Amino acid sequence: MRDFTIIGAQVYLPDQIVETSLTVADGVISEIGGPVKGEEIDGTGRILAPALIDVHGDAFERQLMPRPNVFFPMEAAILETDRQLAANGIATAYHALSISWEPGLRSVDRAREMIAALHLWANRLTVENRVQLRWETFCLEGMDLLKDALEGPLTPSLAFNDHTSMAMLHPDVPQQHRPFEHSLQFRVADASSPLFLAKMATRAERSGLSAEDYVDLIKDRWQMRPRVKEAIAEVGQLGREKNVPMLSHDDTQDETRDFYRRHGATISEFPMTVAVAAVAQERSDMVIFGAPNVVRGGSHLGDSPNAADMVKAGLCDILASDYYYPAMLAAIARMDADNLADRQTLWKLVSTNPAKAMKLDDRGEIKVGKRADLVLVGWPKGHMPAIRHTWVAGRTAYCALPRG
């Protein structure tokens, strides 16, 4: 690995943006503001910032299954995903890997295969590919995989998801205002109705089942509900023992947030109401929203919070790619154009704050001694920014030179 110095760029330091030089030696930032050492890289007219950290991204699923029930080889899908991450300036990625009772794309077997593949091919990948163990709490058969993964080399995060209860929710109750999933007030849909069958059609397509077979499967799975809280407690204990970052997904009530916090999940991922996001922050929990929400001007789930409004209100700590890797940089650009906050503050949503949430003390900021996870960004006034160079621990992961 060669040492190098970047000169002439506008450097995003923790407390200011300044034109200065930055030297990388042995994969870490060794000096800021000093003379050129090693290779000289001209950053004139560009931004040098901490590389992005994506705490939740499931766009890899489209490399695995680009069309319903059309699966590509795992190796090809992972290699392509890795290159997309590097090209979008993402140096550390937590793949939101569903561990579900569904067959097909989000099955336990598929998750186990991907975890093994990421470990096997790690030396072929350009960025740091980690996993978010996106555990569906009704997937009791997935607990052995969770235990194995928490012992493994990918240093995962752990997210509690309950899409089973969301699927079974009575149609008269908006998802954003549903009670705590294990509350006695939770109203359940009529699983024998044509409306429920239609609602399950998309899920069925993903799993490779007919809608009728999927309905039979989820009705059977719903019978496990009395065992789920005990399973959550067991998994939470495992996560605390390993000191992994833990998240709860789609919180709607204070009771929901408090329940998962007691089990160690101090991060609220995509809270579905403003009130629960505010409660999370009052209790020092970090709050994540999706970057596509910002870019699109609102959530694809309708009445869920507008992420840009949450940033403006100080109720969002982190933006994740969610389902589209380019959204992280595009979200920063849109909020910058809307004068929502200064660029330095906005950039922390995709670098410094995610590093803090994921307990990655070695990256996420441009400081001497930090890992040299960096991006050189071209950002012409009035236009979208574009990644020109991505470094991961001082090693080039991506480099694109414009024609002009």
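User: Which residues does Thr390 touch, not counting residues up to four places away in sequence?
Analyst: Thr390 touches Ala86, Gly89, Leu374, Val375, Arg395, Thr396, Ala397 and Tyr398, where contact means heavy atoms within 4.5 Å. This is a predicted model, where local features need pLDDT of at least 70, side-chain atom pairs count only at pLDDT 80 or more, and totals for chains, interfaces and linings use all residues. Residues are numbered from 1 along each chain as its sequence is written, and side-chain values use heavy atoms, with hydrogens and water left out.

User: Is Thr390 buried or exposed?
Analyst: Thr390 counts as buried because its relative accessibility is 0%. Buried means under 20% relative accessible area, exposed over 50%, and partly exposed in between (1.4 Å probe, protein chains only).

User: What lies 2.9 Å from a polar atom of its side chain?
Analyst: That's the backbone oxygen of Ala86.

User: Switching topic: what is the phi of Asp250?
Analyst: Asp250 has a positive phi of about 60 degrees, though it is not a glycine. Most residues other than glycine have a negative phi.

User: Buried or exposed, that one?
Analyst: Asp250 is at 7% relative accessibility, so it counts as buried.

User: And what about the phi of Lys359?
Analyst: Lys359 is not a glycine either, and its phi is positive, near 60 degrees. At 41% relative accessibility, Lys359 counts as partly exposed.

User: Where does Lys359 lie?
Analyst: Lys359 lies in the loop between helix H16 (352–357) and strand E16 (374–378). Helices (H or I, at least four residues) and strands (E, at least two) are DSSP runs, numbered from the N terminus.

Terms used
Polar contact = N/O pair within 3.5 Å; in protein donor to acceptor, adjacent residues only side chain to side chain.
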